[in-house]
Amino acid sequence: MSTSGATADPLAALGSLPGVAETVESVRKAVDRVYGHRIMRRRSNEITSEAALRGARGSAALSGADWALEEVRRRTDFSGDDEARTVGAALRLTAEAGQLLSIWRQSPLRVLARLHLVAAADKADQVGRPRQEGEPVDEPLVELPLPGAAEAHGRLDGLAELVIAGGSAPALVAAAVVHGELLALRPFTSHNGLVARAAERIVLVGSGLDPKSVCAAEVGHAELGRAAYLAALDGYVSGTPEGMAAWIAHCGRAVELGARESTAVCEALQRGAA
């Protein structure tokens with residue numbers, strides 16, 4: 001997205017796109033339902049832990065490692081092959097995201113660098129910094145045209161300025177833009193999808209929409225499927241009002257599905273079945 005338009009708060013302007021207000025309200029109601037569950041008042045830490053595990057599984061699935069939840073839960077060694085390393089990276093990012101909430105609003109670029117360092121720790125000379133001109137990007141499931149490094153750096157700086165400035169945009173809109181922009185730019189040489197989804201979670205949690213991190217959007221993105229995810233991303237990259245609204249709606253639906261998943265976990269705990 002361009003951050004150089006005439007409006008002083010371009011994220012807030014996105015909130016006025018057709019259908020976005022309704023999406024924001026629907027998400028708020030879904031989040032309120034899970035937070036209002038009686039189990040959340042007594043066992044919220046368990047719900048948070050389970051949502052983290054399921055969110056990591058979902059994010060890994062979107063990056064090509066579609067493992068069963070019980071396999072993710074059971075496995076202790078994630079060094080065996082590319083899929084295992086992807087799942088391991090997703091789990092590490094989910095754990096790390098919660099430690100970076102206080103830094104995000106002051107230094108989002110520092111947080112993004114840290115997320116990439118955590119995800120791609122095996123590529124020492126390329127981790128924790130935006131890619132340089134000529135460096136290849138390993139993100140085979142995202143086939144959009146790749147911006148040059150200079151453009152990526154400039155837009156990343158613009159995104160950071162928006163985050164630091166804050167504004168009146170709904171949390172869902174801000175999270176969707178952070179997520180979409182990072183996928184569009186692919187600013188790192190690898191693991192951009194995992195980093196983008198972790199950043200989306202940081203925004204949703206840090207904004208107060210989902211302070212206990214129980215509405216894992218990654219769960220919903222995976223449930224909606226990779227094809228729908230990439231089609232919605234195409235809308236974001238188009239920059240049209242319709243495309244942007246469709247991407248925000250897709251992200252909203254993902255949060256709703258994440259909330260539904262945690263509600264089901266609450267119900268299972270209530271029945272003593274989990």
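Predicted model: local features only at pLDDT ≥ 70, side-chain atom pairs only at ≥ 80, totals over all residues.

Trainee: How many residues are in the largest nonpolar core, and which have the most contacts inside it?
Mentor: The largest nonpolar core has 81 residues. Trp-104, Leu-112, Leu-115 and Trp-247 have the most contacts inside it. Such a core is a set of buried Ala, Val, Leu, Ile, Met, Phe, Trp, Tyr and Cys residues joined through side-chain atoms within 4.5 Å. Buried means under 20% relative accessible area, exposed over 50%, partly exposed in between, with a 1.4 Å probe and protein chains only.

Trainee: Which helix gives the most to this core?
Mentor: Helix H9, residues 171-185, with twelve residues. Helices are DSSP runs of H or I with at least four residues, numbered from the N terminus.

Trainee: New topic. Which residues lie nearest the centre of the largest pocket?
Mentor: Ser-63, Asp-82, Thr-86, Asp-138 and His-191, out of 27 lining residues. A pocket is an open set of points on a 1 Å grid over the protein atoms alone, where a 1.4 Å probe fits, with protein on both sides within 12 Å along at least five of seven lines; lining residues have an atom within 4 Å of a point.

Trainee: Which helix gives the largest share of that lining?
Mentor: H5, with five residues.

Trainee: And aromatics? How many pairs does a search of the whole structure find?
Mentor: Three. In one of them, Tyr-229 and Trp-247 are tilted, at 6.0 Å centre to centre and 50° between the planes. Rings of Phe, Tyr and Trp (its six-membered ring) pair if their centres lie within 6.5 Å; planes under 30 degrees apart count as stacked, over 60 as edge-to-face and the rest as tilted.

Trainee: What does the pair tie together?
Mentor: Tyr-229 lies in helix H12 and Trp-247 in helix H13 (residues 241-271), so the pair links parts 18 residues apart in sequence.

Trainee: Are those two buried or exposed?
Mentor: Tyr-229 and Trp-247 are both buried. With Tyr-236, they form one aromatic cluster.

Terms used. Residues numbered from 1 in each chain as written. Heavy atoms only, no water. Helix = DSSP H or I, 4+ residues; strand = E, 2+ residues; numbered from the N terminus.
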